[in-house]
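The structure is shown below.

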Amino acid sequence: MKEKSVLGSIFSYAKPCKGKLTLSVICALISVAGGMIPFVAAYHMIIMFFNHSAATEDILFWGGICIAGFIVKVLFHAISTTLSHVSAYTILELMRKRVAEKLLKAPLGVTQNINAGKVKNIVVDQIENIEIPLAHVIPECSGALLLPLAVFVYLCMLDFRLALASLITIPLAMIPYGMMLGGYNKTYQKYMESNEHMNNVVVEYVEGIEVVKAFNQSTSSYEKYRKAIESFKETTLNWYQSTWKFTTLGAVILPTTLLGVLPTGTLLYLSGATTLPKITMAMLLSMGLVSSLGRFIVLFNQLKSIQYSINTVNKTFDIGELPLVSNEKNISRHDICMEHVSFSYNGKEEVIHDVSIKIPEKSFYALVGPSGGGKSTLARLVARFWDTTEGSISIGGVNIKEIPLTQLADEVSFVTQDNFLFNSSIMENIRLGNPKATDAEVLEAARKAQCDEFINKLEHGYQSAAGEAGDKLSGGERQRIAIARAILKNAPIIILDEATSFTDPENEAKIQEAITELTKGKTLLVIAHRLSTIKNADKILFVEQGKVIQSGTHEELLKNSDLYNDMWLAHIGAKKWSVNVNEEVLV
Amino acid sequence: MIRILKRLFHMMGQYKKRLYLGIVLSMINNILGMFPIVCGVWVIKTILDDRNGVTELNRSFVFMLIGIIVGTILFRWLLAYIRAVKQDSIAHEVTCAERLKIGNILKRVSLGFLQQKNMGELTTAITTDLAFFEMQAMNVINNIVDSYIFLLITIVFLLFFSPVLGLSALAAVIVSSIGLQLIEHQSRKNSPVRQESINEMADEIVQYVRGMSVVKSFKQEGVASEGLYKAYKKSKEINIRMEKNFAPCDALHRFGLYMGTSAITIITALMALKGTMEVPMAIMLMVYSYVMFNTIEAANTSLHVLEMLDTVAEKLQSITHAEFIDKDGKDISIDHFDIEFQDVSFGYDSREVLSHVSFTIPQNTTTAIVGPSGSGKTTICSLLARFYDVKKGCITVGGRNVKDFTCDSLLKNISMVFQNVYLFHDTIRNNILFGAPAATEEEMIAAAKAARCHDFIMALPDGYDTLVGEGGSTLSGGEKQRISIARAILKNAPIVILDEATASVDPENEHLIQQAISNLTHGKTIIVIAHRLATIENADQIVVVDEGKITQRGTHQELSVQEGIYKRFINIREKAEGWAIE
């Protein structure tokens, strides 16, 4: 993705608050203009003294003008900043929404691996960080640009030579800043990388602290943590140290506008080319420049940090989108057909090679094979976690790429161990399966998934917040809620990743009953782990190294396949295995 | 404000001297910054004198001017540079020190403390919050302290020079500080609200990302984003409200200062008119009045940052005040590994999870803990490893109370296979070596072989040097499990705590995991949260836990003839293990 210019990227987000921002700029300009008035007033007073024409009422008059100017300045500044902050927060909200939308459009296979902490850091911290610069950039940009401009024009009208002299510090100050900026982007990036490294180490240290303690490795882990933190400090300090000599010089030169005005003014006076009031005015005005010039530096840094944040937001979420279609297709059958499917995660190593499978409607197919053989990937391709690299997958004769994702979601339920519960009530968590379902339907699904009993035991029953209750719910109970959700969704095709771990036996029995309810009368594809579970399958496909190498019913495979036979025996053996049979297995 | 500054100063600890030096330097710098203005007045006076024919102006005066101003610039540069080196660097040092301090604390607190704190919050404190501190603290302190001292000097000078002028300046400062007080009041009121909205947003986004797969497969984008967008909106609204409250106070603050400028301008003009002040002096004071409040205006923008720094300091303090669980612990070596629970009661908060639990585990035996989920099985194991301290009763290992040990010397004796396998984002080798960093390559590979990892590791392109993905995501559950077992095998502790549920995360290669576990537990004292019939039947002792109490205890033969949970358990288990779909 090419890096857009800063202003370009800000404006791409700023559209909805154009009006407010324009108004903010206008107010900023008025405020700047108001801020000029006191200088003019002072100028007039000074002239009166030089001309020996000062009178009390004149002084009070110009004093009044001075105060009026300040009032305008303060008032419009307040309005301008309020408007720009409102706009900035609106822009922030929009950026955050963009991130959320972007995540939704990414392929399931990608979202699965997204690190929540990282997203949180970007959405909450990074984006929040640009608020202050963002809110200040618009009014101050106009202020900081316009005030010098207005001053300059006014000075030009008085005497263009004094005007030029008042600006001399700008090119002078640019020299050290320019020298500093030589490697700015690169250094900043290095700094951010070091920062990211530290953040990762910190996250790991904190999240892994349990393991760290259990292996009493706190000392060595702490060592790694310490190194990361200290090296970050070094990087930061080195960076700053290399810039300090430049920044401090620039910061000292830039506001010293009298450097040009005083000598030039005196010289001009000597050659009779200007007058004392003009010099005095130039002095006054050039000092008015000081504060706005100082902001240039701040502004520059702010623009940089905005650019960085926006680029991060843009880049991090440049994660690809599945090509989407929106026309609902008419799907009347619910069979699955894979034709010559090949797939690779990264475009290099293929993990699925030319697989063709036909799964008739309402049949029960199972995928077995060693781990890493590709059975999970195969099943996930059906739910379009990713798109196939070659070949096609169709449901009811329609290529799944032609089916809108929402309709595909209606068609296929993918039941896994990943039983995420949202932080709403249990009722709503189940209702996710079908938002239109009535309470009665939700209860029915919960009952079928064997959830009814334990949910009723909770203090607030179905209204208990799943987030809080989440800690009290066992893995098995959470899984049953997830199954209830799938039952409610009632998709005609079920893909089941049957990696049921042992929970307590009552739970397990109930999960099994729940699964039986869920899979009744459905087209069923099971990624099998425990062979006994799938011995009744219509067809078992043995997947190894990305290919289906054998297929048949349990009995057929037992007869014809040595591989399957071995697995079955291992499985039977595993059931009899016990932790405490004290014999060492030979390596 | 003073309270917060005090607190921040306190945080600077050993660097306080450098901080003060920096303040003095920038004071001098600020005063030097007035030099060019004095030069300006000098120019005016010289020109006036020249016009009146008192002295004659010539070119050497110009060179002198340039010389003085350039000299001032160079001197100020030097001061500013020294200040930056001495003072700005403090923030980085202190931040680093604070981060290390927290890391050090985490090493020594109980896991109970960590669970209360929530990992995300800790991580944010170490990274984001402290980064904010690092970036802002010096700036803010400097701005505020500087501008106030500078203003004080100015006012004293003015009072001395002309009481009327001094009093006007003082009045201006008083009006503007009322504005400031209001701002401070506002931000003190709003800071926690804002923080809360940020936390809420953070929770929502984490939930959004974690639930993404579920959301997509149930095409419930609306439901998921609803909460998130609500949090976004709330954060926006709170911020906007704060801004709207802030603006008028800020305006008052600025207005007060500008009134000071106006008053001084008018008064000096009148004084010059009356002849009580010389014209060049009057002009200088007028000009000066336009800049004298600049620094304090700048300080005002730092005030809300100061409040935010206070919140950060508060948060850090609450972390650093944690109790070290093993502060009285000693390094103890034990030579036998019998375990005894004597009348142990425990609760995480007010809710009692275990009550009056007593049992003994002789060395080199296997104890199976059986019971419904939530009955307290895991808690028993956590207490043994002293993740928490018991409320009543005591636990002994090798005849010594676990409370007498340091965490390290206790855990040296215990290997745990966790329910949640956590692998570090590091090479597989280093993950296994975590069990015993001093182990040789051969020992490490032997452990990997015993844990049945070696083959799949060798099949990876980089073998043992393969980087484990974030949270171990590039490996299958079973593979991660086996690496964690290899880690435990390498540790070779005499006591093994095992949750058998983990043994079947990836049952497709469960026999491999089983072999790995057999190698791990061989010849050890084993406590297993048991699920498998075979394991339970072969255990030397079965402890049945229900609702925090031990309800049955004995061998399989003894318990299977008793009426109770155990009998029911065995029946269901048998059925579940043979279950098939349809």
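## Helix packing between the chains

Helix axes are here lines fitted to C-alpha atoms over the stretch in contact, and the angle between N-to-C directions runs from 0 to 180 degrees. In this predicted model, the axes of helix α12 (residues 258-270) of chain A and helix α4 (residues 59-108) of chain B approach within 10 Å and cross at roughly 180°. Angles over 145 degrees count as roughly antiparallel, and α12(A) and α4(B) are therefore roughly antiparallel to each other.

On the side of α12(A), the contact involves Leu258(A), Leu259(A), Leu262(A), Pro263(A), Thr266(A), Leu267(A) and Leu270(A); α4(B) contributes Arg59(B), Phe61(B), Val62(B), Leu65(B), Ile66(B) and Ile69(B). Classified by type, the residues in this contact of α12(A) with α4(B) are eleven nonpolar, one polar and one charged.

## The contact as a whole

Chain B supplies 151 residues to the contact and chain A supplies 146 residues. On the side of chain B that touches chain A, helix α9 (residues 221-274) of chain B gives the most, with 26 residues. That side of chain B comprises 81 nonpolar, 40 polar and 30 charged residues.

## Positive phi angles

Most residues other than glycine have a negative phi. Gln545(A), which is not a glycine, has a positive phi of about 50°. Gln545(A) is located in the loop between β9 (539-544) and β10 (547-552) of chain A, and counts as partly exposed because it has 13 C-beta neighbours inside 10 Å.

In chain B, Asn492(B) has a positive phi near 55° and is likewise a residue other than glycine. The loop between α17 (477-491) and β7 (495-499) of chain B holds Asn492(B). Asn492(B) has 15 C-beta neighbours inside 10 Å, and therefore counts as partly exposed.

How values were computed. Residues are numbered from 1 along each chain as its sequence is written. Chains are lettered from A and ligands numbered from 1 in the order in which they are written. This is a predicted model: local features need pLDDT of at least 70, side-chain atom pairs count only at pLDDT 80 or more; totals for chains, interfaces and linings use all residues. Two residues are in contact if their C-beta atoms, placed from the backbone, lie within 7 Å. Helices (H or I, at least four residues) and strands (E, at least two) are DSSP runs, numbered from the N terminus. Ala, Val, Leu, Ile, Met, Phe, Trp, Tyr, Cys and Pro count as nonpolar, Asp, Glu, Lys and Arg as charged, and the others, Gly among them, as polar. A residue is buried if 20 or more other C-beta atoms lie within 10 Å of its own, exposed if 12 or fewer, and partly exposed in between; C-beta atoms are placed from the backbone. Angles under 35 degrees count as roughly parallel, over 145 as roughly antiparallel, 65 to 115 as roughly perpendicular and the rest as oblique.
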